[in-house]
Amino acid sequence: MNDSELEKNLKKYAQLITRVGVNVQKGQTIILYASVTQKHLANLITAEAYALGAADVILEWSDIETTRQFLMHASEARIGQVFDYEKDKWQFLADQRVSRISLISDDPNALAEVPSKRIAAYQAAQGLAKRPIMQVTTNNDISWLVVAAADPKWAELVFPELKGDEAVQALWQAIFKTTLVDQADPIAAWQNKIADLAHHADWLNQQAFAALHYQAPGTDLTVGLPKGHIWVAADAKDAAGNTFVANIPTEEVFTAPDNLHIDGTVTSTKPLSYGGTIIEGIHLTFERGKVIKATADRGEEVLLHLLQTDDGAKSLGEISLVPDDSPISQSNTIFFNTLFDENASDHMALGEAYPFTIENGSSMTPDELQRHGMNISQTHVDFMVGSDQMHIDGIKPDGSTVPVFRNGNWANNNN
C-alpha cells in the first residue's frame, strides 16, 4: 500500500466513521478523543464532520507517555484525585448530549511497568468522575463510536516480524479489511453487515431464552437472562432517534445477563489489554452471579484490582455471541485490542450492563435496573471466551434446550 492508497483509504475511513459510525447530524457537537500521534486522521474526521453540518468538533488529545510518567511518578494521593474542573467537564458533556468518537491507537503494553495498584487507583478515580458521560453513553442517549488507528508500538506487537513503517502499514491493512474500508463501497457493505447481524438478534429475541449454557475446555457456565432482555446487533438509535454503530468493526449480537443467576466457570481464550497491561489466561468461578474465585496466567494482580473496582465489577453486564468463522477470527491475528479481539470471539463483560438491553431499561432508575437483574458498575471490561470448541445451548423457561452455537458457530437453526 503506497502513500496515495493509504490516503485514499484514510479518507474513506473518515467518511465511514462520521456517516455510519457516529452518524453526524446538522447542528450536532462532536467530541473526538485521539492520541497526539493521530493528528492527520483526526483532521480528516473533523473535516468530514463539519462537511456533514456539525456545529462543533471538540478535540481531546491524549499522550500515553505523559500518562505513563504521571502514573510512575505522581504521589498516590494525586493519582486518586480528579480536579473539579475535570468533573465539571464530564458533567457538561453529558448534559449537552455531545456525541463521542473514541479513536484508540495506544501501545497495549504502554503501562506494563506501572504498579497495578497505582493503575487501579487511577482507573477508579477516573471512572467515578466520568460516571455522568458513561451513563448517557451506556443508555444510548447519545451516539457514540469506538474505532482504531495504527501506531508503531501497537503494530509491532501485532506483527512482531515487522518493524516501524512496515508494521504500521500491515496494521492499517488489517484495520481497513476488518472495517470493510477496503470494499468498493464501505457504507453499502456496512448496511449489509448490519442486516445480517440483525437477523441473528431477531431470532434470539424470538426465542426468549431464560438462560444460556456455555461449554468448552475450561468453561462450564450457566448465565441467566432477565425477563424482557433484548438482543442487540450492530446499529442502535440515540435519544434523538438517529441511527449509529457504536463499534467499527463489529461481528457481535449482545444482551445483558441476569446478574443474580450466573453459576459455573469460564476461561478466557484471547489476551485482554486493560489499563495499559495485558492479562492472559483468565479463569473465573461464579456463584449466584458473583465471582468467588479469579486467577490469571499473566496479569493476575491487575485482574484482581479490576474486580475490586466496585461491587458490580464482580459480576457480568454483557454477554456477546460472535461466530468463530467471523472475518476477524479467520484472520488468525491477535490484535491485543478488545475492539478487534472481541469481534473474533464470544465475549463477556465484567461491570456495567447497557440499560437498552432490557425492555424499557433506558427509562429505569439504577435501582429499578438492579431489581431486574441488570448490573450496575463504574467499569465495563470485555474479555474473550469463544473458540471453535464452544457449544452454547439456550434454555427455555420450561427447561427445554435449543442449540445456539456448535463448534463456535451458529447452529443450523439460526443460519
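## The parallel sheet

Four strands form an open sheet in the order β2-β1-β3-β4, with parallel pairing. Its edge strands are β2 and β4 (144-148), each of which pairs on one side only. On average, neighbouring strands of this sheet are turned by 15 degrees against each other, direction ignored. Helix α1 (residues 3-21) packs on the sheet and touches β3 and β4. The direction of α1 makes about 160 degrees with that of β4. Between β1 and β2, the parallel pairing runs over seven bridges. Ser 35 stands opposite Ser 62 in β2.

Some terms need their cut-offs. Helices (H or I, at least four residues) and strands (E, at least two) are DSSP runs, numbered from the N terminus. Two strands pair if DSSP finds at least two bridges between them. Contact means heavy atoms within 4.5 Å. Axes are lines fitted to C-alpha atoms, for helices over the stretch in contact, and angles run from 0 to 180 degrees between N-to-C directions.

## Basis of the model

This is a predicted model: local features need pLDDT of at least 70, side-chain atom pairs count only at pLDDT 80 or more, and totals for chains, interfaces and linings use all residues. Residues are numbered from 1 along each chain as its sequence is written, and side-chain values use heavy atoms, with hydrogens and water left out.

Glu 86, Trp 90, Leu 93 and Ala 94 are buried in α5. They cover an arc of only 105 degrees around the axis, so they sit on the same side of α5. That arc is taken from the directions from the helix axis to the C-beta atoms. Buried means under 20% relative accessible area, exposed over 50%, and partly exposed in between (1.4 Å probe, protein chains only).

The buried residues of α5 pack against β1 (29-35), β2 (56-62), α6 (116-129) and α7 (131-138). Asp 84, Tyr 85 and Asp 88 are exposed, on the face of α5 turned away from its buried side. Just after α5 comes Arg 97, with a positive phi of about 55 degrees. Arg 97 is not a glycine. It is found in the loop between α5 (84-95) and β3 (99-104). Arg 97 is partly exposed, at a relative accessible area of 41%.

## The antiparallel sheet

A second open sheet of four strands has the order β9-β14-β15-β16, with antiparallel pairing. β9 and β16 (380-384) stand at the edges with a single partner strand each, so one side of each is left without a neighbour in the sheet. Here, neighbouring strands are turned by 20 degrees against each other on average, direction ignored. Five bridges join the antiparallel strands β15 and β16. The bridge partner of Leu 350 is Val 381 in β16.

## Thr 357 and its surroundings

Thr 357 lies in the loop between β15 (347-351) and α14 (366-371). It is buried, with a relative accessible area of 1%. A polar atom of the Thr 357 side chain lies 2.5 Å from the backbone oxygen of Tyr 354. Neighbours within four places in sequence aside, Thr 357 is in contact with Gly 228, His 229, Ile 230, Val 232, Phe 254, Thr 255, Ala 256 and Met 374.

## Gln 169

Gln 169 sits in helix α9 (residues 164-178). A relative accessible area of 13% makes Gln 169 buried. Its contacts, leaving aside neighbours within four places in sequence, are Met 1 and Leu 6. Gln 169 and Leu 6 are 163 residues apart along the chain, and their C-alpha atoms are separated by 8.5 Å.

## Other backbone features

The peptide bond from Ile 248 to Pro 249 is cis, with omega near 10 degrees. Pro 249 is in the loop between β8 (243-245) and β9 (253-255).

Asn 407 has a positive phi of about 50 degrees, although it is not a glycine. Asn 407 is found in the loop between β18 (401-406) and β19 (409-410). At 46% relative accessibility, Asn 407 is partly exposed.

Definitions and conventions
Polar contact = N/O pair within 3.5 Å; in protein donor to acceptor, adjacent residues only side chain to side chain.
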